[in-house]
Amino acid sequence: MGKRTRLALAIAATLLVAVGCRQAEGDRDAAAAAATAPQADASDPATAAADGDTLRATAAALFGTIPERVEELRGKPLSAEQVELGHMLFFDPRLSRSHLITCNTCHSVGTGGADNVPTSIGHGWQRGPRNSPTVLNAVFNGAQFWDGRAADLAEQAKGPVQASVEMNSTPELVERTLRSIPEYVERFGRAFPGEAEPVNFDNMALALEAFEATLVTPGSRFDRWVLGEDDALDATERRGLELFVSSGCASCHNGRNFGGQAYFPFGVIERPGAEILPPGDKGRFEVTATASDEYVFRAAPLRNVELTAPYFHSGQVWDLEQAVAIMGSAQLGREIDDDEARAIAAFLRTLTGRQPRVEYPVLPPSTADTPRPE
């Protein structure tokens with residue numbers, strides 16, 4: 001069987017699995033569909049195939065590109081007032097009980113949208129249970145958190161604020177704090193006009209979601225190649241992409257974000273050791289209480305993956321090539337040799353897009369009525 005035939009068969013199988021996964025899990029990529037920006041035309045991969053570029057057509061069909069910006073959320077235009085308010089809240093430590101921890105602490109926009117440690121450090125120097133996922137392009141995920149327990153970024157934003165191991169606050173304390181600061185009262189009123197009491201916990205989360213929806217990373221070398229820039233990928237990187245598809249990696253890591261849409265057991269073929277897969281963390285089982293969901297996790301989005309080490313929910317693997325090899329044995333049941341791992345990792349590094357440039361905001365001062373840090 002020739003190389004082109006093998007690739008074509010692998011492509012067909014991957015497309016079928018990818019479509020099946022999205023149907024089974026209810027791919028909620030509404031934000032991606034609503035975004036208006038130049039994208040790869042994945043509607044007719046046969047057109048590119050007819051031109052002899054099967055790999056590019058497959059990439060367009062399986063992945064597409066990151067848009068320049070997201071214009072809408074849930075069918076409504078992004079509000080500039082909500083984005084600006086969310087920008088301030090993302091960097092405001094007063095959302096935490098200690099007045100020390102911000103959203104940016106664990107999702108640093110300067111370091112790939114994550115904090116680059118195995119598991120995040122939260123309130124009282126407690127260590128969190130899982131590696132912090134990147135906030136960059138998170139708007140394109142079908143659900144949030146490693147176990148998918150939050151449907152969208154607004155729901156996700158409420159979790160860390162209340163978690164005792166993270167920001168350790170409460171909705172009541174957050175509302176008291178924000179209502180004590182006149183500038184925030186004014187900004188909430190502009191961002192959520194017509195509401196009797198716009199300063200509330202739900203609106204805090206919606207504002208954070210609006211800001212986080214702006215944290216997208218277009219213009220990666222992969223995207224430029226999909227859109228026709230032949231020199232954007234070199235021969236090794238193209239080989240890595242071909243291996244990524246033909247080996248089956250794209251069966252789980254597909255869609256605009258190269259993952260983030262569906263759930264899979266960690267260790268489909270061979271379960272990793274306890275250091276990488278801690279036996280006490282049963283993943284999605286903690287959400288569904290369904291036995292078949294034990295050690296099931298959301299497929300990690302791979303955009304900007306070179307910036308977000310260490311890898312996996314346990315944060316115990318620092319080397320991208322090693323992570324690729326582990327996924328080969330654990331998920332695919334095949335040994336990915338060193339040369340293949342280098343090629344796949346080289347391709348994955350082409351997924352690093354243009355990083356958002358976010359100015360640190362000047363925050364409004366506290367008042368005598370602002371609750372003091374604990």
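A pocket, as the word is used here, is an open set of grid points where a 1.4 Å probe fits, with protein on both sides within 12 Å along at least five of seven lines. In this predicted model, the second largest pocket holds about 280 Å³ of space.

The lining of that pocket is formed by Leu-73, Arg-74, Lys-76, Pro-77, Leu-78, Ser-79, Gln-82, Phe-192, Leu-206, Glu-209 and Ala-210. Two elements, the strand β2 (76-77) and the helix α10 (201-212), each give two or more residues to this lining, and α10 gives the most, with three residues. Sorted by class, the lining residues of the second largest pocket comprise six that are nonpolar, two that are polar and three that are charged.

When contacts between residues at least 6 apart in sequence are considered, 73% of them join residues that are at least 24 apart.

Further along the chain, a pair of helices can be followed in detail. Two packed helices are described by the angle between their axes and the distance between the axes. Helix α14 (residues 320-332) packs against helix α15 (residues 338-349) at an angle of about 115°, and their axes lie 9 Å apart; the crossing of α14 past α15 is right-handed. On the α14 side the contact is made by Leu-320, Glu-321 and Val-324, while α15 contributes Ala-341, Arg-342, Ile-344, Ala-345, Leu-348 and Arg-349. This contact of α14 with α15 has six nonpolar and three charged residues, and no polar ones.

Definitions and conventions: Residues are numbered from 1 along each chain as its sequence is written. This is a predicted model: local features need pLDDT of at least 70, side-chain atom pairs count only at pLDDT 80 or more; totals for chains, interfaces and linings use all residues. Side-chain values use heavy atoms; hydrogens and water are left out. On a 1 Å grid over the protein atoms alone, a cavity is a set of points where a 1.4 Å probe fits but cannot get out, and a pocket is an open set with protein on both sides within 12 Å along at least five of seven lines; lining residues have an atom within 4 Å of a point. Grid points are joined across faces, edges and corners, and a volume is the space filled by probe spheres set on the points. Helices (H or I, at least four residues) and strands (E, at least two) are DSSP runs, numbered from the N terminus. Ala, Val, Leu, Ile, Met, Phe, Trp, Tyr, Cys and Pro count as nonpolar, Asp, Glu, Lys and Arg as charged, and the others, Gly among them, as polar. Axes are lines fitted to C-alpha atoms, for helices over the stretch in contact, and angles run from 0 to 180 degrees between N-to-C directions. A crossing is left-handed if the near helix is turned anticlockwise from the far one by less than a right angle, and right-handed if clockwise. Contact means heavy atoms within 4.5 Å.
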